[in-house]
Structures are given as structure tokens and as C-alpha cells.
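Please read the numbered points with the model in view.

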Amino acid sequence: MARVRQERAEITRQAILDGAAIAFDRAGFGGTSLSDVVKHAGVTKGALYFHFPSKEALARTLVEEQFRVSEDVPTLVDPGLQTVIDLTHRMAFGLRTNVRIRAGIRLVVEFGSFTSPDPSPYNTWIETCRSCLAPAQERGDILPSLDVRDLSTFLVGSFTGIQVTSHVRADREDLHSRIVDLWTYLLPGIVPAPRIALFDRAGSAACRAELGLPAPQAPVPVA
């Protein structure tokens, strides 16, 4: 009986998160009320308060959802530059298909830009990238003159700007193409020329298969 109650409680919690994601994605933090969340979730306010004491608690939980994209990175035996390229495409895919990720990213941009800035989500992504690029540099895939933390900071900032621009201009329909552009222009500046061909700007074959993305039609010149 206790297990049934736990399962029902978890179903309700997930419904609340889905409803909150829809509301935050549409109207942002300031434009969303708890009544909006309840409406989209199909639960009572009492149920909402049982699981989340405030709108801020809901927002914090949704912000954390984005890191599911990278949750396997610490277990990888040999992370590297292609890992980071694939992560940018996985995040792009999440933004296009997962309302929780869209809501979480909107909240990060909103909080980080206009209210009480919280750098922790950006710092987490920077550290994830650094943890992949450091071994890549040791293998000779990243130019030895580069600081991989600075490079990681640049990548996170670049991705943030690209996804916002893609959202405004194309409802993110072109986001994977814009990510390919990012790597097309960036790789020649960070990778030794003989090794550039080792990296697939459109995502590895395994990444594309996982996300259902088409294979690149032709190699992109980098000279």
C-alpha cells in the first residue's frame, strides 16, 4: 500500500513539473503564477504545495533538468572534444523537443540576466566542458597554447547566444545547423590542422543515431 502511495505521489510530482515547464516556457518566471502551474498540471494547489513549497522551488528543480543531458559524462572512459560537440547537439535537441529543458534554460537566462544573477548553471556547464577538453588537450586534440577553462567559458557563452538567437529568429528549427556553424568556424582555431578531420561537427554517428538526426550531406571546408 505504501508503495502505491509513493508511486501516485511521484506521478503527481512529475505532472506538476510538466505543468510548471509549460507555464515557465510560455511566460517566464515573472509571468507565471502558481494558478497557471495548477491549470497546466491538472492538480490541486494542495498537491502542488505538498511537493513544492514555492514557485522558486519549482524553478530551481526545472533548472536542474538540463543537466540530465550531461549526466553520463562523468562515467565516460575517454571523454574529449567530440564529447563536447555531441553535448551541444544533445542540448540543442533537448531545447527543440523537451519542454522541461526549454523552461529550465529560459529560467537560467532570465535569472542570470535580469534578476539576482546565479552563475552556478553556467559554471556547471563550463566545468563539464573543461573535464572533457583537458584530456583532449593532453592527447594533442587541442592546441597546447590554449587555456581549456577559458575555451570552455567561451563555448558555453557562444552556445547560449546561438540558442537564444535561433529561438528568436527560427523557433530553434535551425539550431543544429547553427551548432554546426559554430564548430565549423571554431575547430580550425583550437585543433591542430592534421587532426581536424577526426571530429564531426554535426555530431558523432552514435549521437546522430540516438537523436534521430540526419548525417551531414557533405564535408564542410575548413581551410
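1. In this predicted model, R68 and E65 are joined by a salt bridge between their side chains, with an N to O distance of 3.8 Å. The pair falls within the criterion, because a side-chain nitrogen of Lys or Arg has to lie within 4 Å of a carboxyl oxygen of Asp or Glu. R68 counts as exposed, at 51% relative accessibility, whereas E65 is buried, with a relative accessible area of 10%.

2. When neighbours within four places in sequence are set aside, E65 has contacts with R100 and I101.

3. R100 also forms a salt bridge with D18, and here the closest N and O atoms are 2.8 Å apart. D18 is part of helix α1 (residues 2–27) and R100 is part of helix α6 (residues 99–114), so this pair ties together parts that are 82 residues apart in sequence. D18 is partly exposed, with a relative accessible area of 34%; R100, at 9% relative accessibility, counts as buried.

4. A further salt bridge links the side chains of R178 and D174, at 2.9 Å from N to O. R178 counts as partly exposed at 29% relative accessibility, while D174 is buried, with a relative accessible area of 15%. Through shared partners, salt bridges join D18, E65, R68 and R100 into one network. Over the whole structure, the search finds 14 salt bridges.

5. How do helices α5 and α7 lie relative to each other? Helix α5 spans residues 81–97 and helix α7 spans residues 120–138; their axes come within 7 Å and cross at roughly 150°. Angles over 145 degrees count as roughly antiparallel, and α5 and α7 are therefore roughly antiparallel to each other.

6. Which residues make this contact between α5 and α7? On the α5 side they are L81, T83, V84, L87 and M91, and on the α7 side W125, T128, C129, C132, L133 and A136. Sorted by class, the contact of α5 with α7 has 9 nonpolar residues, 2 polar residues and no charged residues.

7. A disulfide is a covalent bond between the sulfur atoms of two cysteines. How many disulfides does the count give? The count comes to 0 disulfides. The cut-off for such a pair of sulfur atoms is 2.5 Å.

8. Is C207 buried or exposed? At 0% relative accessibility, C207 counts as buried.

Conventions: Residues are numbered from 1 along each chain as its sequence is written. This is a predicted model: local features need pLDDT of at least 70, side-chain atom pairs count only at pLDDT 80 or more; totals for chains, interfaces and linings use all residues. Side-chain values use heavy atoms; hydrogens and water are left out. Axes are lines fitted to C-alpha atoms, for helices over the stretch in contact, and angles run from 0 to 180 degrees between N-to-C directions. Helices (H or I, at least four residues) and strands (E, at least two) are DSSP runs, numbered from the N terminus. Angles under 35 degrees count as roughly parallel, over 145 as roughly antiparallel, 65 to 115 as roughly perpendicular and the rest as oblique. Contact means heavy atoms within 4.5 Å. Ala, Val, Leu, Ile, Met, Phe, Trp, Tyr, Cys and Pro count as nonpolar, Asp, Glu, Lys and Arg as charged, and the others, Gly among them, as polar. Buried means under 20% relative accessible area, exposed over 50%, partly exposed in between (1.4 Å probe, protein chains only).
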